[in-house]
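Good morning, and thank you for coming.

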Amino acid sequence: MSGLAIETRGLTRRHGRKHALDNLDLALPRGGIHAIVGANGAGKSTLFRILLGFLSPSGGEVFVLGRPSAALTPDDRRRIGFVNEEHTLPGWATVAAVLAMQRRLYADRWDARAFDTVIASFDLSPAQRIGQLSRGERAGFNLALALGQAPELLILDEPTLGLDVVARRRLLDALIEGASAEDRTVIYCSHQIEEVERLADTLVVLERGSLRNFSAPDDFRERITQWVANVPFKGPPPDAMPGLLQHRKIDGVHHYMMLDAEPGFADFLRGHGATSVQTMPVPLDRAVDAFLTRNHAGPAA
Amino acid sequence: MSRTAPLAITIATGDSRPIVRQIIDAIRRQISTGDLSVGDKLPSVRGLAQQLAINPNTVSKSYAQLTAEGWLESRAGLGLFVAARRDQLSAAERERRLGEAVDRFVGEVIAIRYPADEAVAAVADAFDALTLVRSA
């Protein structure tokens, strides 16, 4: 059995002339929580649809739990749980009916304890119809159903989107509890960097369909540093600064966000007339933001 | 069977310190201030992860580093406990801490506009007083 939960080689998916996924090489080991972040349109949802076999690639190869995603058997699919952002469940059905169906489908592997643990923190009664549930209740029920299925691979597409603080915290607690099961791999995408910081073992950054980072979140954060320099006049030209992510001039002081700044960067700034140079680490959300926005045109310095 | 000491710490996301670091700093501070005493039992990895709503692997990393540094010790089958103080810091680390302490002190003295030589003399007096107490 392969040691990878997910492997893609040269994975490409075109929508018309646009590349949603562009030659993506990704290898996610089994176990732990892998968080995928990227701007809207970076290819996260397309990747998930391909992993689940809802969509076929335009090119390249995809392996899920060691098997080509196009050749997943019904038995393979039973080992994969999926929670989508809309928490889609039939609105006319009762909670009891949906639960009974899920239990029947996964009778041989149903984990009642996992289901009960999650559902206990959401106040649901069996007779309620799905359509009457709040978004938070539906999210909790959906995650409980997925964990009850005891999946080897759990894929979550922005599970906390649109939830209030209370529901979000309950969902996170459930996720932390559920992810610690032996030999379970969780793949999770979110725009909430705060959650990623709490949950993720690895941080995968996608940008325009390609892989830009694959490391522990703290290792990613360490690559990015903020510099504040007092440079009379213009400062060094941006194209002389490899690794420059962001540059802003505030009250005459230059602020730089740098990726993999070279050890001599302070001297470089002084060489361009900086009278004072300070550097500091950045929080993860700032690091991700600077990294993802680096190619966007900002106000001219 | 020893009971787990409550660990009143919080972490903040969006801090420039990683969560691993925040936990390490908080536990060290509690040990230094006596909020945690030698022999106190730490929460389980899973327990602290639940308390802080974070990935258990993060707690494991913090505990591993504190154990390697001699702040905590593991007793087989029982869990992690606050270890008896030894000289836990490397020479480089002690030098770094001293630098930080001096920086803080100098910052305070500058803030109240005290002459440097008088501040230095006051520090020397404070250390002399310590020595007197100890040799008495």
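**The hairpin and the sheet**

Let us begin with A:Gly16, which takes a positive phi near 65 degrees in the hairpin of β1(A) and β2(A), where 2 residues lie between the strands. Strands here are DSSP runs of E with at least two residues, helices are runs of H or I with at least four, and both are numbered from the N terminus. Two strands pair if DSSP finds at least two bridges between them.

This is a predicted model: local features need pLDDT of at least 70, side-chain atom pairs count only at pLDDT 80 or more, and totals for chains, interfaces and linings use all residues. Residues are numbered from 1 along each chain as its sequence is written, while chains are lettered from A and ligands numbered from 1 in the order in which they are written.

β1 (residues 4-15) and β2 (residues 18-29) of chain A pair in the antiparallel sense over 8 bridges, and A:Arg13 has A:Leu21 in β2(A) as its bridge partner. β1(A) also pairs with β4 (residues 59-64) of chain A, again antiparallel, over 5 bridges; there, A:Glu7 stands opposite A:Phe63.

I turn now to an open sheet of 6 strands in chain A, ordered β6-β7-β8-β3-β9-β10, with mixed pairing. Its edge strands, β6 (80-83) and β10 (210-215), each pair on one side only. β6(A) and β7 (residues 153-157) of chain A run parallel, joined by 4 bridges, and A:Gly81 stands opposite A:Leu154 in β7(A).
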